[in-house]
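Here is a short tour of one protein model, written for someone new to reading structures. Have the sequence and the 3D view open as you go.

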Amino acid sequence: MSPSQERTIAVLHGRHAAPAAIPLRRCIKWLALGCALISFGTMVAFLSTRSAPPGARLQSQGTDGATMERPVIIENRGARVRWRLQALAARQHAGRIRLTRPLLTLFDRDGNPIPVRGDQATFDPLKRTARFRGHVTIDYRSWHLQSTQARFDGARRTVRIPGAFSAVGEGRRMQGADLIIDERRQRLTVRRHVRIEGL
């Protein structure tokens with residue numbers, strides 16, 4: 001697989017709020033784990049999620065407590081963007097990134113967006129997962145879903161609402177629990193307590 005075909009994660013953002021130096025030992029650790037890189041200012045760092053492509057090097061790395069304004073995290077395979085996660089602000093803590101007013105856009109195979117919004121989210125760059133909390137909304141095809149939480153799995157490219165949700169679409173109202181949107185299979189599944197009625 002050529003470097004252009006490898007899955008990569010890019011972290012892009014604007015101004016930094018609290019730059020800080022980091023020990024070389026920790027930089028090497030992050031490279032070895034294949035973690036998504038966090039850069040400040042106009043710098044952009046790219047790494048494969050499995051291993052660093054030839055010539056890749058760390059340009060800048062944040063530390064716990066470092067904050068970022070308007071971060072954008074992108075995963076792509078070749079020229080195709082698989083998903084994009086952005087937020088109003090972010091703060092790094094214990095290897096995770098806490099996001100304020102996050103927006104995840106998951107793209108299906110035809111390039112159609114599946115936006116997921118929340119009040120807060122926590123992103124784990126190693127596992128490529130995000131947990132959304134607060135007022136969570138998802139737009140899937142003609143359906144508008146609402147809940148208090150959602151979980152995104154970047155490896156499986158799924159979005160799951162583990163608890164109760166409500167949805168409106170196609171002239172109908174739906175309620176239920178444990179909903180899964182599987183982008184690879186292009187399928188929406190409701191596992192429990194599903195109820196559908198006309199508007």
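## The largest pocket

Sixteen residues, written 16, line the largest pocket, and Asp153, Arg156, Thr158, Arg160 and Ile180 are the ones nearest its centre. Before going on, note that this is a predicted model, where local features need pLDDT of at least 70 and side-chain atom pairs count only at pLDDT 80 or more, while totals for chains, interfaces and linings use all residues. Residues are numbered from 1 along each chain as its sequence is written, and side-chain values use heavy atoms, with hydrogens and water left out.

What counts as a pocket here? On a 1 Å grid over the protein atoms alone, a pocket is an open set of points where a 1.4 Å probe fits, with protein on both sides within 12 Å along at least five of seven lines, and lining residues have an atom within 4 Å of a point. Rolling a probe the size of a water molecule over the atoms shows where empty space is left.

How much space lies in the largest pocket? About 420 Å³, a volume being the space filled by probe spheres set on the grid points, which are joined across faces, edges and corners.

β11 (129-140), β12 (143-153), β13 (158-169), β14 (172-182) and β15 (187-198) each give at least two residues to the lining of the largest pocket. Strands here are DSSP runs of E with at least two residues, helices are runs of H or I with at least four, and both are numbered from the N terminus. Sorted by class, the lining has ten charged, three polar and three nonpolar residues. Charged covers Asp, Glu, Lys and Arg; nonpolar covers Ala, Val, Leu, Ile, Met, Phe, Trp, Tyr, Cys and Pro; the others, Gly among them, are polar.

Which residues does Gly169 touch, leaving aside neighbours within four places in sequence? Ser142 and Trp143, where contact means heavy atoms within 4.5 Å. Gly169 and Ser142 sit 27 residues apart in sequence, yet their C-alpha atoms are 5.5 Å apart. Leaving out residues up to four places away in sequence, Val159 has contacts that include Leu104, Val116, Phe152 and Ile180.

## The aromatic cluster

The structure holds two aromatic pairs, and Trp83, Phe123 and Phe152 form one aromatic cluster. Rings of Phe, Tyr and Trp (its six-membered ring) pair if their centres lie within 6.5 Å; planes under 30 degrees apart are stacked, over 60 edge-to-face, and the rest tilted.

| Pair | Centre to centre | Angle between planes | Type |
|---|---|---|---|
| Trp83 and Phe123 | 6.0 Å | 65 degrees | edge-to-face |
| Trp83 and Phe152 | 5.3 Å | 75 degrees | edge-to-face |

Trp83 is in strand β5 and Phe152 in strand β12, so their pair ties together parts 69 residues apart in sequence. The other partner, Phe123, sits in strand β10, 40 residues from Trp83. Buried or exposed, where do Trp83 and Phe123 fall? Both are buried, with Trp83 at a relative accessible area of 0%. Phe152 is buried as well, at 3%.

## The whole chain

Of its 199 residues, 45% are buried.

Key:
Buried means under 20% relative accessible area, exposed over 50%, partly exposed in between (1.4 Å probe, protein chains only).
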